[in-house]
Amino acid sequence: MSEHQDDQKQTQMKEHLLNKPLSRRDLLRMAGIGGAGLLLGAAGVSGVLEAAGAIKAPENKPNHAGNGGIVDFYGEHQAGITTPSQNFIMFAAFDLVTVSLDDVRVLFQAWTAAAAAVSRGETVQAESGNENLPPADTGEAAGLSPSRTTITFGVGASFFDSRFGLAARRPAALVDMPAFGGDELRPEWCGGDIGVQVCSDDMQVAFHAVRNLARIGRGKVVLRWTQEGFQRTGAADPAGSTPRNLLGFKDGTGNPDVTDNRLMNEVVWAQPEDGTDWMAGGSYMAVRRIRMRIEVWDRSTLADQEQTFGRHRSSGAPLGSANEFDPIDLNAKDDTGKALIPVRSHVALAHGDGSVRILRRSYSYSSGMDNKTGQLDAGLLFICFNRDSRKQFIPLQQKLGQNDALNEYIVHNGSALFACFPGVRQGGYIGETLF
């Protein structure tokens, strides 16, 4: 083991110490049943027949005998925002293909019931047992634990166009993202009427959730883009230290304390006085797909890497300091009068004067190889939550896009902004405050 690796291990050891219920009518509409006949609709025929009393449904039983690992879907705020990060993410953006607001409302009701069930480790719907009908659940998560799964829903600016008569309800804070320096955006990773962040300690459970949301929404939504991501797992790092990105540096050290309610109200949660009543208790989710030029980075020296970030790679401490969470002193100088933390370093620009804060919730991604270049298509699925992106994420990213030394090694090729609804009360449904 090298001296550097030994130092890294010692550092890690130190850190270680340290349902409005769906109505029969709703279900009939979801399944596409009208006067003309019967179609295999979004909720599946079995659910319709159950609601109509034609089939006696068996009890919807949990997939897992234990109750551990359940993050309650219902609450004042949506889960998956201040919830401690899980091991994996599957992000999905959907586009609506219906022009009926009633359809959207019914969809959100169905998604709410499904999301709550998946969070409990249950199938999305009870099975009818009818061999002549498709199963109500795709089945790949059967027998798996709830895995701390959270499903977080938001809507993009395009949701408020002319289709549903909601233009006047668009929050002022839900702006169109401006162009940032370093953007090379590709349409296949941008935008969406609806954004869904699924986080879980098991990738198959996360995939199961997105697959079933898409299946339930058939005829009303289509997938626009998805991205899977990962962090170090809890098994690999029981201490739960700050995750490292694929450039080898800790990512998220400067996050605000999510247990501080006053701070969360200031930084993350939209407030009634912000001007959009239906968003009170919600948050704005910025999503950026950032590809890293890993092969170039791997040829740069350790000193160059640390000067680029403004932190020591091993400990995560600001340059000139010893510990990860030591204060960032942008005025600190070396013996020659040179700033210890370069002014164009990532930490210097991201920290600034400390007045602008966001809650990062990012995951690394690897999407195989770029067949054109033979290089890895890998990087960061950057996600952050903030109370008002016009005052927080956007000015921060504008500053980074213009001057960040890290821009030499990264390119932003995906971008979206979603207004995430406030939490759902028992018996309610996602988006209820908007409708």
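Reply: The model is predicted. Helix 8 covers residues 302-309, and its buried residues are Gln305, Glu306, Thr308 and Phe309. Seen down the axis of helix 8, these buried residues fall within an arc of 155°, so they line one face of the helix. The cover over them includes helix 7 (294-297) and helix 9 (346-351). Just after helix 8 comes glycine 310, which takes a positive phi of about 85°.

Now the rest of the chain. The protein chain has ten helices and nine strands. It is 435 residues in length, and buried residues make up 50% of them. The accessible surface of the chain comes to about 19,500 Å², and carbon and sulfur atoms account for 51% of that surface.

The largest nonpolar core has 68 residues, and the members that touch the most other members are Phe108, Trp111, Ile151, Phe153, Val155, Phe159 and Ile194. Helix 4 (residues 101-119) gives the most to this core, with nine residues. A second, separate core has 22 residues, including Phe91, Trp269, Met285 and Phe385.

A search of the whole structure finds 19 aromatic pairs. One of them is formed by phenylalanine 94 and tryptophan 111; this pair is tilted, with 5.2 Å from centre to centre and 50° between the planes. The pair links distant parts of the chain, since phenylalanine 94 is in strand 1 (residues 88-96) and tryptophan 111 is in helix 4, 17 residues apart. Both phenylalanine 94 and tryptophan 111 are buried. For phenylalanine 108 and tryptophan 111, the ring centres are 6.1 Å apart and the planes are at 15°, so this pair is stacked. Phenylalanine 108 and tryptophan 111 both lie in helix 4, three residues apart, which is about one turn of the helix. Phenylalanine 108 is buried, as is tryptophan 111. One aromatic cluster holds Phe94, Phe108 and Trp111 together with Phe153, Phe159, Phe160, Phe164, Trp278, Phe421 and Phe435. Elsewhere, arginine 289 lies over the face of tryptophan 189, at 3.5 Å from the ring centre.

The last stop is methionine 279, found in the loop between helix 6 (261-267) and strand 5 (283-292). Methionine 279 has 0% relative accessibility, and therefore counts as buried. Leaving aside neighbours within four places in sequence, methionine 279 is in contact with Pro171, Ala270, Tyr284, Ala419, Cys420, Phe421 and Pro422. One of these contacts, Phe421, is also a member of the aromatic cluster. Another, proline 171, is 108 residues apart from methionine 279 along the chain, and their C-alpha atoms are separated by 8.0 Å.

Key: Residues numbered from 1 in each chain as written. Predicted model: local features only at pLDDT ≥ 70, side-chain atom pairs only at ≥ 80, totals over all residues. Heavy atoms only, no water. Buried < 20%, exposed > 50% of the residue type's maximum accessible area, 1.4 Å probe, protein only. Helix = DSSP H or I, 4+ residues; strand = E, 2+ residues; numbered from the N terminus. Arc of directions from axis to C-beta. Contact = heavy atoms within 4.5 Å. Areas by Shrake-Rupley, 256 points an atom, 1.4 Å probe, with all protein chains shown as cover. Core = buried A, V, L, I, M, F, W, Y, C linked by side-chain atoms within 4.5 Å. Phe/Tyr/Trp six-rings, centres within 6.5 Å; stacked < 30°, edge-to-face > 60°. Lys NZ or Arg CZ within 6 Å of the ring centre and 35° of its normal.
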